[in-house]
Amino acid sequence: MSVAKVALDLSVPNLRGTYNYLIPEALANTTKPGSTVVVPVRGRECLGYIVEIVKGANDNNLKSVLGTVDSSQLIGSEHMQLCRWLADYYLANLNDVLRLTLPPGARPYLQSTLSIKGNQGLDEPALKWLAKQGSSVPQRRLESKFSKNAINKLLKSGRLSRSFNLQPHSVKQKTVEFAHIHDRDSRAEVRGPKQQAILAELREKSPISVRELLSKHQASRQTLKMLATKGLVKLVKEKVERQVETKFINEPVKKVVLNGEQNQAVEEITGALLRQDRASILIEGVTGSGKTEVYIRAAQTCLKLDKSAIFLVPEIALLPQLVERLALRFGDQVAVLHSGLKTGERFDAWHSVASGRKKLIVGARSALFAPVKNLGLIVIDEEHEMTYKQNTTPRYDARTVARKLADLHEAVFVMGSATPSLESQTLVESKGKHLKLTNRVVGFNEPTIKIVDMREAKKVDHEGLFSRELYDGLRATLDRGNKAVLLLNRRGFANFLLCRKCGYVPTCANCAVSLRYHKSENRLRCHHCDSSYQAHDVCPECQNSKWRLGGVGTERVEGGLRTIFPNTTVIRMDSDTTSRRGSHHKQLLEFNRSKRAVLLGTQMIAKGLDFPEVELVGIINADTALNLPDFRAGERTAQLLTQVSGRSGRGPIPGKVIIQTFDPENYAIKAVTSSYSEFCDIEKGHRRALGYPPFSSIINIIVSSQDEVLAESVSYKTADILRSLIGTKAELLGPAPAPIAKIKGSWRWHLMIVTKDPGRVKNILRNETGLTNTAKNVKMIIDIDPVWLL
């Protein structure tokens, strides 16, 4: 008899391991790793996934697997190995990780059905009732009529049998009714003009959807039915795939001639594909250097080898242009997967990948868990972006997981960015290749860059948003009928309100932060818990009615632009204006079609967008993230400014960048005018001296509770345990209140472990139950390789 190691589908904290169950002989041929099974857990049935089968093992003390579910395998064996690694690396619950691989719309809720077994008579009331219902009903329905004891006796005696299945998907395959021409030569009489018009069109082109026909000819369904009755038309329901809209670039595919550096990069990747090497390649290319074309050429080789490729981007906003570009080159081979799609669209894309029909998967980090077959290439575009790290359980980094997935499939792993992270640069120094694209493609010119010191600059508006240099640049750009991109990484109208008399600042009741003012709705909002309050007419402390607006957000800049440039299309893109499905695509399409326009937004507009008509890029305030209490603040600032500067000069129009700052001598600001590599050399020196990544690893532990005193005491207790266990081979910083001390009603304390041996520390965290078994009202988060420390 064999033993199955089962991951239980339970939402229980710290359920990190698997549980052993015997596999009965009757189920030996229907169970395998990835199979969905039913197992007993504390007196009830529970859904689980077989992670591993140990053959020949025998332990009579173990409980047995009760049954398989629909003989289904919701989780492929290829992803099972990845999920086990991910759960181990990030100290995550395995069941939370396995859920990432489930098909969209899947509802893994267990149902059991009871049926009469054998011909032993119907002397029991439950059997008599069941026979009247058709001999088979859901177990819950039978339990509503008869006692559980009576039902269990019938099960044990073999007079009832039980089978298991899952609730059906919340989404189904889409079907569309089509009209087919059935008999082209029929001489059946057709009198009505609408019937004649429909028949004539179907003879020219068949099939056509019924909806399209009826709409075009303003006919009723009865018109088509009459044609079908005469044998002229046949109505058939057919399965179709929901299509993701990609109508963005309305131009034919142009032949692209690669330059020498691009050719070298393509040859490096395709060579690894042909040799089936487990290669890791970092492409550092200046903005506009043609990195995407390199990825496309590599994907073409991959698909010619009958292998699949995954293409990840950090933001959904980057997908409309990219998907259109890929669709023009690869046709219906492209499957799009991300959370912004409707469930039905993701359902169709997921199954098209599972069937092997589509081999190029494009999306955000969740696309890594698509059921891909024969994987040959993974591309991580804009690899420096922190959004590749998931900030909810399980807290995985898509870049690290992608590297592991490529290793498991012996695939080629490619990262690309104009501003690669220090960690990725250090990684390929020892385990890969670092290729550089130092020139823009032919026809693209490097923009001129000017840094404006806002301490001394003249302002042209009463709110001080625009320096004279930025105003003049915008005016000249728009007068020429060209476009501009403006970046401000703060949404809302103002960062806070301040009473001019007593100094009162409205704060969130649930979080230790001030409330942001949103003028369009006259409300105060918390950008951490999304609480919303009506804005005060008067100060609740002193009844004063005069408020000072502190700080600037995108909504305020939008108002200023519309006032100063009234005949200009102003498009604002931030999380307030892009919350609806499809809004990213709609707004970018509007900007693409407008003749004289300004695209204003937060960091979502800073990378990946390609508009040849953009002449000017302006940064309203380059200092928004510069002084945050995070050791990566300088790196993120340099990356953001470099990336958004690259939106300018991507065509025949000479580009210009104007950066407004109060700290023009800061090395992160100056990186835009010098070189990113020079910035990296300085930053690496600082990190090496402090012992921070990439020269070490960090594990951040956050202890939170609605009881402030309890959160503090548990954090100190945790620190005492850790210090006694980790010794001198790791440094423990804290405990201390988190930079944002309270979020969503919970007080937060954190501890940070800095170590060059993360595996050893993770083993301690994994095995020391005293660390994870916290008080009932305390939550502990262990964040491996954190990218955000606030």
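**Exercise 1. Work out how helices α14 and α20 cross, and which residues make the contact.**

Step 1: Get the geometry. The axes of α14 and α20 come within 11 Å and cross at roughly 90 degrees. Here axes are lines fitted to C-alpha atoms, for helices over the stretch in contact, and angles run from 0 to 180 degrees between N-to-C directions. Helices (H or I, at least four residues) and strands (E, at least two) are DSSP runs, numbered from the N terminus.

Step 2: α14 is roughly perpendicular to α20, a label for 65 to 115 degrees (under 35 is roughly parallel, over 145 roughly antiparallel, the rest oblique).

Step 3: List the contact, meaning heavy atoms within 4.5 Å. From α14 come Leu-422, Glu-423, Gln-425 and Glu-429, and from α20 come Tyr-676, Cys-680, Glu-683, Lys-684 and Arg-687. Sorted by class, that's 3 nonpolar, 1 polar and 5 charged residues. (Ala, Val, Leu, Ile, Met, Phe, Trp, Tyr, Cys and Pro count as nonpolar, Asp, Glu, Lys and Arg as charged, and the others, Gly among them, as polar.)

A word on the source: this is a predicted model, where local features need pLDDT of at least 70 and side-chain atom pairs count only at pLDDT 80 or more, while totals for chains, interfaces and linings use all residues. Residues are numbered from 1 along each chain as its sequence is written, and side-chain values use heavy atoms, with hydrogens and water left out.

**Exercise 2. Describe the salt bridge between Glu-241 and Arg-357.**

Step 1: The N to O distance is 2.2 Å.

Step 2: Locate the partners. Glu-241 is in the loop between β11 (233-240) and α9 (260-275), Arg-357 is in the loop between α12 and β15, and they are 116 residues apart.

Step 3: Compare accessibility. Glu-241 is buried at 19%, and Arg-357 is partly exposed at 43%.

**Exercise 3. Trace the open sheet of 7 strands.**

Step 1: Read the order: β14-β15-β13-β16-β17-β12-β18, with parallel pairing. Two strands pair if DSSP finds at least two bridges between them.

Step 2: Find the edges. They are β14 (334-337) and β18 (433-437), each pairing on one side only.

Step 3: Zoom in on one pair. β12 (residues 280-285) and β17 (residues 412-417) are joined by 5 bridges, and Ser-280 has Phe-413 as its bridge partner in β17.

How values were computed:
A salt bridge is a side-chain nitrogen of Lys or Arg within 4 Å of a carboxyl oxygen of Asp or Glu. Buried means under 20% relative accessible area, exposed over 50%, partly exposed in between (1.4 Å probe, protein chains only).
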